[in-house]
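Colleague: Please take a close look at the side-chain contacts of this model. I would like to know what holds which residues together, and where those residues sit.

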Amino acid sequence: MNSSLTRREIIKGLGMGTMAVGLSGLLADAHRSYGENSEDLTGVECRQLPLPYTHDALEPYIDRETVRIHYGKHHAGYVRGFNKTLRTLSTARKSGDLSLVKHLSREIAFHGSGHVLHTLYWENMTPKGDGKPEGELLGVMNRSFGGFPAFRSHFSAATNSVEGSGWGIMAMEPFHGQLVILQAEKHQDLTLWGVYPLLVCDVWEHAYYLKYQNRRAEYVESFFNIINWPEVESRYQMAKRATRFA
Ligand code: MN3
């Protein structure tokens, strides 16, 4: 980590890495750090926002007891799991013992995505919700899906056919600005929704096999000699501008 950064910038940066950007300030709030006055950077944690309505507000569509347990037990559990994983990873980095990184990467994707998606879920429902999209959102939905009825059919079919536990999701694909409808099995499958990729390394065998054969670690070691850090920095600046941390 660059020692010339201020503590506040460091903490902002840590928050950036775990949050969705360009989606909504809600998500930024969900991942706002508690640690700005702390000497211990492991104090970077996420919090569960208050439910934006009462437990019974969504009746008769969703019952009071479901909301109470879902928000208070299930969602809260993901927040605890996410924070615990962030702390464990911090400890692992400090000690140099990264032997559990595969397990912890699964944990951060599962709990982090669970937290992100539930945060969005509560806020994308309202007791007053019988309307339709309007304005610019309706325009981009029309362009992306061919109209609201087509969107509704597609979204419902995708959501209804999620295999096992999961989510139906309408998302913006940021490189072209189009909307897409996705299914998510469980919450994650090793992604954390909304993160902005800054640095990526392809480890499909086609990326290294001719030279390194099965020695993936050698390839990854070599990769560090050719990283374009100014490009990574420009991606970070672009992502930062899309957030309320900017
Ligand atoms: Mn749930």
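Modeller: What follows goes through the salt bridges, then the metal site, then the aromatic rings.

This is a predicted model, in which local features need pLDDT of at least 70 and side-chain atom pairs count only at pLDDT 80 or more, while totals for chains, interfaces and linings use all residues. Residues are numbered from 1 along each chain as its sequence is written, and side-chain values use heavy atoms, with hydrogens and water left out.

Salt bridges come first. A salt bridge here is a side-chain nitrogen of Lys or Arg within 4 Å of a carboxyl oxygen of Asp or Glu. That rule gives five salt bridges. One of them joins Glu 45 to Arg 87, with 2.6 Å between the closest N and O atoms. Helices are DSSP runs of H or I with at least four residues, strands are runs of E with at least two, and they are numbered from the N terminus. Arg 87 has a relative accessible area of 35% and is partly exposed. The word buried stands for under 20% relative accessible area, exposed for over 50%, and partly exposed for what lies in between (1.4 Å probe, protein chains only).

Another salt bridge links Arg 64 and Glu 65, at 3.4 Å from N to O. Arg 64 is partly exposed at 41%, and Glu 65 is partly exposed at 35%. In helix H9 (residues 229–241), Glu 231 and Arg 235 lie four residues apart, about one turn of the helix. Their side chains form a salt bridge of 3.1 Å, N to O. Glu 231 is partly exposed, with a relative accessible area of 33%, and Arg 235 is partly exposed at 30%. Shared partners also connect salt bridges into one network, made of Arg 64, Glu 65 and Arg 68.

Next is the metal site. His 70 and His 118 coordinate the manganese ion, each through NE2, at 2.1 Å. This pair links distant parts of the chain, 48 residues apart: His 70 is in helix H3 and His 118 in helix H4 (residues 101–123). Both histidines, His 70 and His 118, are buried. Donors are N, O and S atoms within 2.8 Å of the metal (3.2 Å for Na, K and Ca), and sites may look incomplete because water is not among the atoms.

The rings come last. Rings of Phe, Tyr and Trp (its six-membered ring) pair if their centres lie within 6.5 Å; planes under 30 degrees apart are stacked, over 60 edge-to-face, and the rest tilted. The structure has ten aromatic pairs. Among them is the tilted pair of Phe 151 and Phe 155, 5.4 Å centre to centre with 35° between the planes. These two, Phe 151 and Phe 155, are four residues apart in helix H6 (residues 148–160), about one helical turn. Phe 151 is buried at 11%, whereas Phe 155 is partly exposed at 24%. Phe 223 and Phe 224 make an edge-to-face pair, with centres 6.1 Å apart and planes at 85°. Phe 223 is buried at 15% relative accessibility, but Phe 224 is exposed at 54%. One aromatic cluster consists of Tyr 71, Tyr 121, Trp 122 and Trp 167.
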